Amino acid sequence: MQDWMGNVLIALILTDLLLLGSSQLRNAIRLMAVQGFVLGLLPWLAHGKLTGAALLMGATSAVLKGGVFPALLRWASREIHVRREIEPLVGYIPSLLIGLGVLTGAFVAGARLTLPWASPSPLLIPTGLFTAWTGLFLIMARRKALTQVLGYIVLENGIFILGMVVVEAMPLLVELGVLLDVFAGVFVMGILVFHINREFSHIDVDQLDALREETL
Amino acid sequence: MIAALILLPIGAAVVALLMESDVRRRRLLVGTAAAHLGLTALYWCNPPTVAADAWLGFDSAGRIFLGISSVLFLAVAFYGAYRLGREQRGRQAEVDTGMPFINAPEAVYTACLLLFLAMMTLVAASRHLGVLWVALEATTLTTAPLIYFHRQPRSLEATWKYLLVCSVGIALALLGNFLLVVASAHADGSGGTLVIRELVARGAELRAPWMKAAFVFLLVGYGTKMGLVPMHTWLPDAHSEAPSLVSALLSGALLNCAFLGILRTHSICAAAGIGDFSGNLLIVFGLISMVFAAAFLVNQADYKRMLAYSSIEHMGLLALGAGLGGAALYGALLHAVNHSLVKAALFMVAGNFVAAYRTKLVGQTGRALHWLPVSGGLWLLGVFAITGSPPFGTFVSEFTMLRAAFAQGREWVAVVALVALGVAFIGMTRTFLCMALGPEPGGGKFEIAEKEQRAAVIPALVLMGMSLWLGLWIPGKLHQALAHAARLLGGRGP
């Protein structure tokens with residue numbers, strides 16, 4: 001099980017790095033789908049055996065993050081004719097280089113943060129930290145509202161991975177509540193993306209800057 | 001009983017979505033709010049005992065925040081039913097910018113308001129940090145469409161900012177919850193929990209380093225929602241762009257819900273013996289918020305933004321009181337009640353101003369006391385209430401907190417807070433007086449767009465009256481609940 005878990009986590013790190021370097025929105029959505037689907041295997045692997053709760057949790061997560069979200073984003077990008085991120089705030093090569101630096105930092109932090117008990121895998125915490133960071137970075141360094149929604153999903157993925165450390169303690173009901181919230185959040189964001197597209201005729205969020213301080 | 005409190009607004013929201021008639025839907029909104037307040041009052045009269053391991057139940061702190069939400073919601077529903085009746089159909093021009101817009105469907109708007117009430121009730125009832133998290137994130141999702149009621153670019157920008165900033169913040173709080181589970185688990189990894197009472201009871205065995213990390217993440221996460229500086233960026237935009245009744249609910253009820261989340265975490269820290277660590281962090285964030293907000297209150301050009309910055313200042317004050325602990329925590333809880341009453345009243349009056357003057361800019365208004373006598377009068381009284389002058393309730397609560405700071409030998413904290421309060425007082429009084437008494441633009445030719453109606457001022461009058469009442473006399477039941485909650489959350493009653 002340990003080997004499998006390691007392989008899955010390495011796959012997740014690779015999807016993060018590819019996400020940082022992908023300029024085509026379609027590719028990014030595909031990567032997010034792969035990541036979401038692979039994520040669904042984690043509860044099973046972390047438990048060590050296939051329990052009912054792990055199966056339900058993993059399956060719901062895989063369907064939502066590997067199927068529903070990507071379909072939603074793909075549909076949205078087609079409807080509003082966004083194909084690629086033009087002129088991101090941080091370029092793709094610099095993004096990748098920063099990403100590699102942060103990945104190193106995540107491994108160092110993971111080695112320092114020793115859990116009070118044996119972790120399902122030594123890669124778990126570094127992967128979670130790096131994925132969460134990738135999500136935050138995509139939200140901050142990209143202009144398209146759609147890419148920001150994607151970043152939010154990746155951030156949630158990272159926190160989901162970190163949650164595997166405490167997989168025994170989180171009640172299933174709460175986990176499902178969290179997933180429901182994320183789903184509703186992405187849904188509302190998706191609706192807003194449409195409105196942004198209509199109001200501004202584009203979805204570059206750095207044009208959303210009318211609101212600022214003015215004094216008398 | 002709890003189920004009734006939560007399911008009643010959810011059921012009403014579903015009905016509101018299906019309803020054809022606008023008039024009946026508004027009646028449903030007010031009726032549901034009244035029924036919710038009735039149930040809340042029943043709860044206050046004879047609070048049932050809660051099982052120790054139950055996930056849902058109202059302890060004294062939960063009852064206080066439930067009470068605030070319920071009272072405010074009824075006032076806002078009443079006001080909202082009137083305002084919605086006056087909304088124009090079809091295309092109209094936004095005030096100040098002149099941007100054309102249409103309204104969001106009223107059914108969706110009403111349903112979101114009702115769902116928001118249900119989720120606030122769930123926050124107040126949560127005795128499990130996971131449930132609390134789910135409910136708090138749900139409040140973000142149900143309020144986002146409310147801010148975007150006037151479908152125009154500026155409100156869209158505010159909504160996007162609000163949704164993204166708060167969602168990311170709350171995501172970090174989820175990480176805090178995971179860390180808390182690690183802190184509470186036994187050496188073999190079992191026994192981790194998020195049930196608040198269990199965590200407090202097992203305080204001594206919690207792992208302090210993990211607990212500290214958990215508190216930092218939860219403070220940043222829920223602090224984003226509460227509007228603590230520097231995570232406040234969404235707050236002024238959302239409050240100024242949202243319809244005034246939504247701003248009233250955001251300021252008066254939503255920020256408090258996030259505050260409750262922080263208080264719950266802080267109480268666990270106190271039980272784990274790191275109350276000093278979490279308390280000091282709260283004090284630092286509180287003071288930064290107060291000083292920053294005070295700076296932006298001076299010469300603020302937009303009066304709804306000014307009220308928003310005042311909310312940041314008061315949230316800073318609440319964090320400060322919670323951090324100081326002891327009698328200051330009692331003061332903070334009382335202040336949460338007082339601030340909500342006054343701020344909601346002021347936002348509703350601001351809504352009347354927007355309707356009458358067709359602007360949110362201070363410079364474009366004037367002689368409010370002449371044009372809108374009751375609103376103008378409330379505005380004048382309100383500035384004293386919101387800056388903590390006697391005889392209003394805010395004075396009592398601010399005084400309690402500052403006295404506790406001096407009594408604890410933290411004079412510098414009290415001094416910084418006093419300076420911030422002083423700057424805010426000067427900044428706000430000047431603007432408020434200009435609006436109420438200063439000359440209107442355009443001299444003799446000026447005419448307001450909407451005459452004052454009784455329904456537009458009664459809710460604000462009632463809330464302001466309650467704040468005055470709390471300044472003169474605190475009812476016994478409320479005092480008991482406040483004192484008990486302060487003990488429960490790690491302090492003690494005065």
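Let's start with a term: on a 1 Å grid over the protein atoms alone, a pocket is an open set of points with protein on both sides within 12 Å along at least five of seven lines. A cavity, by contrast, is a set of points where a 1.4 Å probe fits but cannot get out, and lining residues for either have an atom within 4 Å of a point. Points are joined across faces, edges and corners, and a volume is the space filled by probe spheres set on them.

Hello everyone! What you see above is a predicted model, where local features need pLDDT of at least 70, side-chain atom pairs count only at pLDDT 80 or more, and totals for chains, interfaces and linings use all residues. Residues are numbered from 1 along each chain as its sequence is written, chains are lettered from A and ligands numbered from 1 in the order in which they are written, and side-chain values use heavy atoms, leaving out hydrogens and water.

So, how much space lies in the largest pocket? About 930 Å³. Its lining has 29 residues, and A:Asp181, A:Ala184, B:Ala138, B:Leu141 and B:Thr142 lie nearest the centre. Helices here are DSSP runs (H or I, at least four residues), numbered from the N terminus. The largest share of this lining, eleven residues, comes from α8(A), while α4 (106–125) and α5 (129–147) of chain B each supply at least two. By class there are 24 nonpolar, three polar and two charged residues. For those classes, Ala, Val, Leu, Ile, Met, Phe, Trp, Tyr, Cys and Pro are nonpolar, Asp, Glu, Lys and Arg are charged, and the others, Gly among them, are polar.

The whole structure has four cavities of 30 Å³ or more. The largest cavity holds about 120 Å³, and among its 13 lining residues are A:Lys65, A:Phe160 and B:Leu174. Two or more lining residues come from each of α4 (52–79), α7 (145–163) and α8 (172–200) of chain A and α6 (153–184) of chain B. Nine of the lining residues are nonpolar, one is polar and three are charged. In the second largest cavity there is about 90 Å³ of space, with a lining of six nonpolar, four polar and two charged residues.

Let's move to single residues. Is B:Leu263 buried or exposed? Buried means under 20% relative accessible area, exposed over 50%, and partly exposed in between (1.4 Å probe, protein chains only). B:Leu263 has a relative accessible area of 0%, so it is buried. B:Leu263 sits in helix α10 (residues 244–271) of chain B. Leaving out residues up to four places away in sequence, B:Leu263 touches (heavy atoms within 4.5 Å) B:Phe65, B:Ala322, B:Leu329, B:Leu333 and B:Leu489. B:Leu263 and B:Ala486 are 223 residues apart in sequence, yet their C-alphas are 9.9 Å apart.

B:Thr387 belongs to the loop between α15 (373–386) and α16 (393–407) of chain B, and counts as buried because its relative accessibility is 10%. The B:Thr387 side chain reaches the backbone oxygen of B:Phe384 at 3.4 Å.

Last, the cysteines. How many disulfides are there over all chains? Zero, where a disulfide is a pair of cysteine sulfur atoms within 2.5 Å. Take B:Cys257: the closest cysteine sulfur, in B:Cys166, is 12 Å away, so it is too far for a bond. B:Cys257 is buried at 4% relative accessibility, whereas B:Cys434, at 42%, is partly exposed.

Conventions
A polar contact is a pair of N or O atoms within 3.5 Å; within protein, one must be able to donate a hydrogen and the other to accept it, and residues adjacent in sequence count only if both atoms are side-chain atoms.
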